[in-house]
Amino acid sequence: MDALGGEIAKMADQTGIQFRTLNTRKGPAVQGTRCQNDKVLYRSKMKFVLERQNNLDIKQTLVEEVVVEGNQVVGVRDNLGMEYMSSAVVLTTGTFLHGLIHIGSQRIPSGRAGEFPANGLAENLVTHGFQMGRMKTGTPARIRRASIDFSQFTEQKGDENPRPFSLFTQKITLPQISCFIGRTIKRTHEIVQNNIDLSPLYSGVIKGVSARYCPSLEDKVMKFPNKEQHQIILEPEGFRPTGYAGQIPIDRHRSQSATRGDLGGNHKATSAIYQQVLAQEVDRRIASEIIEEIKRRGAPLEKIGGEDLRSHLTSILKDMGVMVDDLVTRGTTEPYRIFTSRAEYRLLLREDNADLRLMEKGYELGLIDGDTLKDLKERQGQITGELQRIGRVRIKPTPRTNKFLEERKSAPLESAVPLAQLLKRPELSYGDLQQLEGYGSQLPERVARQVEIQCKYQGYLQRQEAEVKKFKNLEKIHIPSGF
């Protein structure tokens, strides 16, 4: 998002209260940065940025209809009859289409707590021929922090030196907050089992499909009855509240304080079910083919920039391609979650090289300024120059060098080798080269990281680039529509 002029990574850094890099014991292709944010602070900071964005007007209203004239989308109409006309409409419906919140046996029409559901818009989309599905999301109970016995939990801190999401953030400055990991006990399981008929998940009230990878407490207890313990993670959603996932009614939640680590003061564990437009209803431009004018035009950028912008947009969408391709070709029967393991070319599509892959395209689209592009070019030059240097400079098997390698449990040298060959060893890092007097270079951390990754994985990267080239040639074969 940074590489294409987006704000979300900057906001993540400004409001993040815990950062953790996942899969640190594995290679960079499957590593991913996760952060938890103070949601009140995030909302206010993002609102501040949006309200000061040039050429953007913000209207807060409840959209009821997509306005169509002939076969062309011309705008939207709200619940007061006001029309907002446009040459293109982007719908980001979230959990609001016919949204219904469950708290135990209680049901409340809502998009999320305290907000209206988009019932009119859901019905309007059906009249235009869209097929709809039903899915479910869960919201953890909020727990009074003072009621928790944290001595019964294991503290889980974030990264000691958190790596920012944004390319433009120098350092994370907010205080960082820990999560806490606890375990259920026999009494917890008894409470869940005795009250399972009150859970909307198990009483048959909820028909939507929930996310497979975020099981609620009752899901864990009921699906894995032979387990004596289940993990509970208390995660802050801001500087004050704490929560965990489950949908048993409020009064029964209070009785769960008999678990290890007093979870008293529970409040509103909710489930929400909502409609979604079936993913196959859109194409790879994330545009609808139901309304023929949109099908004819394609993405809005095309009509102001011609084929060059179409080409850039197509290229950018390929970088989102894992998610887009999965959704528009296979569809999804559950809330979609993207994993690095789903990327066919995940060695190339890493989070650490997004700027190298996308920022120049962002500049050509007018989303990135010239100074930022200049910084990118300088960084690319530093990476290329250092890769060439470590391939050229040779290190000799001196006693000092071999002692250094022995201390790092690396085999001693028997003859002179290029620095790059030494860096390919899994037990050695670019920082190790810097400690060898006369061999290292003082480079910015981001440059040094790219040098290390590109050196260590050179053979694999070249193989994957060859696979991509072969696939691009196959893409030139056109399959007739309707085949």
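Which residues in H12 meet which residues in H16? I started my read-through there, and the answer is in point 3, once the overall picture and the neighbouring helix pair are in place.

1. Overall picture. Bear in mind that this is a predicted model. The protein has 17 helices and 17 strands. Of its 483 residues, 39% count as buried. If you take the contacts between residues at least 6 apart in sequence, 66% of them join residues at least 24 apart.

2. H11 against H12. Helix H11 covers residues 354-364 and helix H12 covers residues 370-392; the two pack with their axes 10 Å apart, at an angle of about 150 degrees. Since angles over 145 degrees count as roughly antiparallel, that is the label for H11 and H12. The crossing of H11 past H12 is left-handed. On the H11 side the contact is made by Asp-355, Leu-356, Met-359, Glu-360 and Tyr-363, and on the H12 side by Gly-370, Thr-372, Leu-373, Leu-376, Lys-377, Arg-379, Gln-380 and Ile-383. By type, the residues of this contact divide into 6 nonpolar, 3 polar and 4 charged.

3. H12 against H16. Now for the opening question: H12 contributes Arg-379, Gln-382, Ile-383, Glu-386, Leu-387 and Ile-390, and these meet Arg-446, Val-447, Gln-450, Val-451, Gln-454 and Cys-455 of H16. The make-up of this contact is 6 nonpolar, 3 polar and 3 charged residues. As for geometry, H12 and H16 (residues 445-456) have their axes 9 Å apart and pack at an angle of about 50 degrees. H12 is therefore oblique to H16. Here the crossing is right-handed.

4. Cysteines. How many disulfides does the structure hold? The count is 0. Two cysteines are worth a look anyway. Cys-35 has a relative accessible area of 17%, so with the cut-off for buried at under 20% it counts as buried.

5. Positive phi values. I'd check two residues other than glycine here. Asn-23 has a positive phi, near 60 degrees. You'll find Asn-23 in the loop between strand E1 (16-22) and strand E2 (32-37), and its relative accessibility of 36% makes it partly exposed. Lys-409 has a positive phi too, near 55 degrees. Lys-409 sits in the loop between helix H13 (399-407) and strand E17 (417-418). Is Lys-409 buried or exposed? It counts as exposed, at 80% relative accessibility.

6. Gln-462. This residue lies in helix H17, which runs over residues 458-475. Gln-462 counts as partly exposed because its relative accessibility is 47%. Along the chain Gln-462 and Leu-348 are 114 residues apart, while their C-alpha atoms are separated by 9.7 Å.

Notes. Residues are numbered from 1 along each chain as its sequence is written. This is a predicted model: local features need pLDDT of at least 70, side-chain atom pairs count only at pLDDT 80 or more; totals for chains, interfaces and linings use all residues. Side-chain values use heavy atoms; hydrogens and water are left out. Helices (H or I, at least four residues) and strands (E, at least two) are DSSP runs, numbered from the N terminus. Buried means under 20% relative accessible area, exposed over 50%, partly exposed in between (1.4 Å probe, protein chains only). A disulfide is a pair of cysteine sulfur atoms within 2.5 Å. Axes are lines fitted to C-alpha atoms, for helices over the stretch in contact, and angles run from 0 to 180 degrees between N-to-C directions. Angles under 35 degrees count as roughly parallel, over 145 as roughly antiparallel, 65 to 115 as roughly perpendicular and the rest as oblique. A crossing is left-handed if the near helix is turned anticlockwise from the far one by less than a right angle, and right-handed if clockwise. Contact means heavy atoms within 4.5 Å. Ala, Val, Leu, Ile, Met, Phe, Trp, Tyr, Cys and Pro count as nonpolar, Asp, Glu, Lys and Arg as charged, and the others, Gly among them, as polar.
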